[in-house]
Amino acid sequence: MFIIFSDWIVDDWTVEKIAEFEWHGLKSEEVMFFENENGLLPIVLAGENTLVHLSKWDKWEHSDDISGLIEYAKQNGGFAVSVKKLDNSFSSRIYDKKSSVAAEWDLLKFLQFRPGGLVAKYLNRPFSIRITRRIIKYKFVTPNFVTIADFFIGLLGLSLFLIPSYWTAVIGAVIMHFNSIVDGVDGEVARLRHESSKLGANLDSFSDETLGALLYVVTGYHLMMTGGAEWFVTLTGGREWFFYIGLFTGIISYTYAMVNFHSRRKKGGIGFYYWWDLNKPVKVLSRKPTLMFYLKRLLWRDSILFIFMLVTIFNVLDYFLMISFVPAAVNALLMFIHIFIIRAEW
């Protein structure tokens, strides 16, 4: 069983790692302790035959004396005792309100460097954790409240692309990037308050994918109204093709997202989810970022919205849309292969 000292804050990522890597190999006569670069963690993994012995320790109220529990287990238990090193883990002791506030901020700073792309880590999260720090004290600000509010922020940003003006498009793109920043706040609030839920995760995914699909549609409409690359207009015979491409890309993007939203919770995703392993559980994915790790995340929402803001500012939305059409076409082909040829079960 897990024993976690109650007057400590421990990040859920650390608990997940222990559950995934250590739990199943734990022997009934074994006790595991854990440490990081800052010292011992307030977590004990105890086999069923060790609990009676551990319950006799009379200093449980001194949760800062975890080393004392280790010595007790070694000297009086008669069972295997080990101390394992955990990298990238967080814990902080709570003494009073002041230490609670400090630990809360330290946890937010730790969450900035949880797995994700470069845009998320170094551009979005430095802002999102500060937003979370300011609003976490308000009880009505739940994770789902943040998700819904952020959805309407995204709709506001996209609606500005319906106006045929360069400057309104730039403002809309900046708002969309702000939407990407706030998109991390709901998860941070959920982790700090332990309010993660399946409903919240589904609501967040639905919101992100809906806005993502609409982004291509409104981009196509904006280019149809304002114009784009002349060679493309000459080649296709009209600016309305920008809208057709945006509509196709949006529909495929949304269909692909909804199919994988369903399938990756069962036997595995299709398309890029299948070949790029985006549906696999945490324990089979690399925890140390590699070049491929970051290449995969170039197609993640935070990176796309950052690139979208830049191409809008530099007035090259037409090339962004045409490039986006390529993976949409590939996804359409991959979905056809998986559904009608491979007949994958999902």
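Helix α5, which covers residues 118-135, holds arginine 133. The model described here is predicted. Arginine 133 has a relative accessibility of 36% and therefore counts as partly exposed, since that class lies between the cut-offs of 20% and 50%.

On the surface, Arg133 belongs to a patch of positive charge in which Arg130, Arg134 and Lys137 also take part.

## Nonpolar surface patch

A nonpolar patch on the surface is formed by Tyr166, Trp167, Trp231, Leu235, Leu310, Ile313, Phe314, Val316, Tyr319 and Ile323. Together these residues present about 1100 Å² of accessible area. Four helices each supply at least two residues of the nonpolar patch: α7 (166-182), α10 (230-236), α14 (301-313) and α15.

Phenylalanine 314, a member of the patch, is located in the loop that lies between α14 and α15. Its relative accessible area is 62%, so phenylalanine 314 is classed as exposed.

## Helix α15

Helix α15 runs over residues 317-341, 25 residues in all.

Tyr319 and Ile323 belong to the nonpolar surface patch, whereas the buried residues of α15 include Leu317, Asp318, Phe320, Leu321, Met322 and Ser324. Further along the helix, Ala328, Asn331, Leu334, Met335 and His338 are buried as well.

Technical notes:
Residues are numbered from 1 along each chain as its sequence is written. This is a predicted model: local features need pLDDT of at least 70, side-chain atom pairs count only at pLDDT 80 or more; totals for chains, interfaces and linings use all residues. Side-chain values use heavy atoms; hydrogens and water are left out. Patches are made of residues with over 30% relative accessible area and no salt bridge: like charges are joined within 9 Å, nonpolar side chains (Val, Leu, Ile, Met, Phe, Trp, Tyr) within 5 Å. Accessible areas come from the Shrake-Rupley method with a 1.4 Å probe; for residues, only the protein chains shown count as cover. A salt bridge is a side-chain nitrogen of Lys or Arg within 4 Å of a carboxyl oxygen of Asp or Glu. Lys and Arg count as positive and Asp and Glu as negative; His and the chain ends are not counted. The place of a charge is taken as NZ of Lys, CZ of Arg, CG of Asp or CD of Glu. Buried means under 20% relative accessible area, exposed over 50%, partly exposed in between (1.4 Å probe, protein chains only). The expected span of a helix is 1.5 Å times one less than its number of residues.
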